[in-house]
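Keep the picture in view as you read.

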Amino acid sequence: MNPSNPPAIGIDLGTTFSCVSRLDDFGRPITLSNAEGDKSTPSVIFFDGTDVVIGKEAVKAKGTDMVHIAECAKRELGERLFEKQLAGRQYPPEVLQAFILNKLRLDAQSQVGDFTKVVITVPAYFDEAHRKATQDAGYIAGFDVLDIINEPTSAAIAYGAQQGLLNSESQNTEASTILVYDLGGGTFDVTVMKITDNVFAALATDGDVRLGGRDWDQRLVDYVSEEFIRQFGLDPRDDPNTEGRLWRECEDVKHTLTARSKANIACDYQGQSIRTEVTR
């Protein structure tokens, strides 16, 4: 890597998690770790007085300082202001996204040195207002945004790299058509792509910018809350911190169901508690 000509960095600015990647000296894509040693950073912002905390520590604060937490700002891109007031003011969603991008920048710089050129991915179903707001977030964070590319396209290129289709000596005479199914934390895309030699062409795409893992979490939170109301006549969602703890519990149990066929979600509120079983 030439220090005088730093490479462009790829950023997946996700609804719930974000990550950064670069090409190594052999042209292979690698994902960079953040300051906490993880490959992905929660896209959560905690306004702690005059400090702005991003990532894992912000997630921890959801159980005690939920009113000072901003999450899923990606869903509000294109709107004038984020729906929630934070630290006494309402921020445009792209400013909140810029806070996340700045955290990613600082973490990446500790490994690759200073850089400004980036490519940021967005859902294929993002309209021009969403894309412009994403680009603005990059500029606010101090980046030179080279391109905004569709997430399914980036996934297809990664697939092509893994299959050796991007090598200069590779000439794939037989065209292949692939389906890229991208179900993220907040958005869902399906794209049909055709790969011929080194050319990746999107043939069709469809999706929903408000459908993802976050919505699975919401259904679980509502499911447990409705059971709590049925038993005790109390809604745990009425208290932001209780709701924040329930969100974390539901998200954790959702992940648990990957390995187990059933699990219990615990909820405590105003001296009452329940354990609600959920199955796959």
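The helix α2 gives the largest share of the lining of the largest cavity, with 4 residues. In this predicted model, α2 spans 93-112, and both α2 and the strand β2 (17-23) supply at least two residues of that lining.

How do we find such a space at all? Rolling a probe the size of a water molecule over the atoms shows where empty space is left. A search of the whole structure turns up 1 cavity of 30 Å³ or more, and the largest cavity holds about 70 Å³ of space. It is lined by 14 residues, and those closest to its centre are V20, L32, S33, N34 and L104. What kinds of residues make up the lining? By class, there are 5 nonpolar, 6 polar and 3 charged residues.

Now let's turn to the cysteines. A disulfide is a covalent bond between the sulfur atoms of two cysteines. To count as one here, the two sulfur atoms must lie within 2.5 Å, and by this rule the count is 0 disulfides. Take C72, which is in no disulfide: its nearest cysteine sulfur belongs to C250 and is 14 Å away. Is C72 buried or exposed? C72 has a relative accessible area of 8%, so C72 is buried.

C267 is also in no disulfide, and again the nearest cysteine sulfur is that of C250, this time 8.1 Å away. With a relative accessibility of 2%, C267 counts as buried, since the cut-off for buried is under 20%.

Methods:
Residues numbered from 1 in each chain as written. Predicted model: local features only at pLDDT ≥ 70, side-chain atom pairs only at ≥ 80, totals over all residues. Heavy atoms only, no water. 1 Å grid on protein atoms, 1.4 Å probe; cavity = no way out; pocket = protein on both sides within 12 Å on 5 of 7 lines; lining within 4 Å. Points joined across faces, edges and corners; volume = space filled by probe spheres on them. Nonpolar A, V, L, I, M, F, W, Y, C, P; charged D, E, K, R; others polar. Buried < 20%, exposed > 50% of the residue type's maximum accessible area, 1.4 Å probe, protein only.
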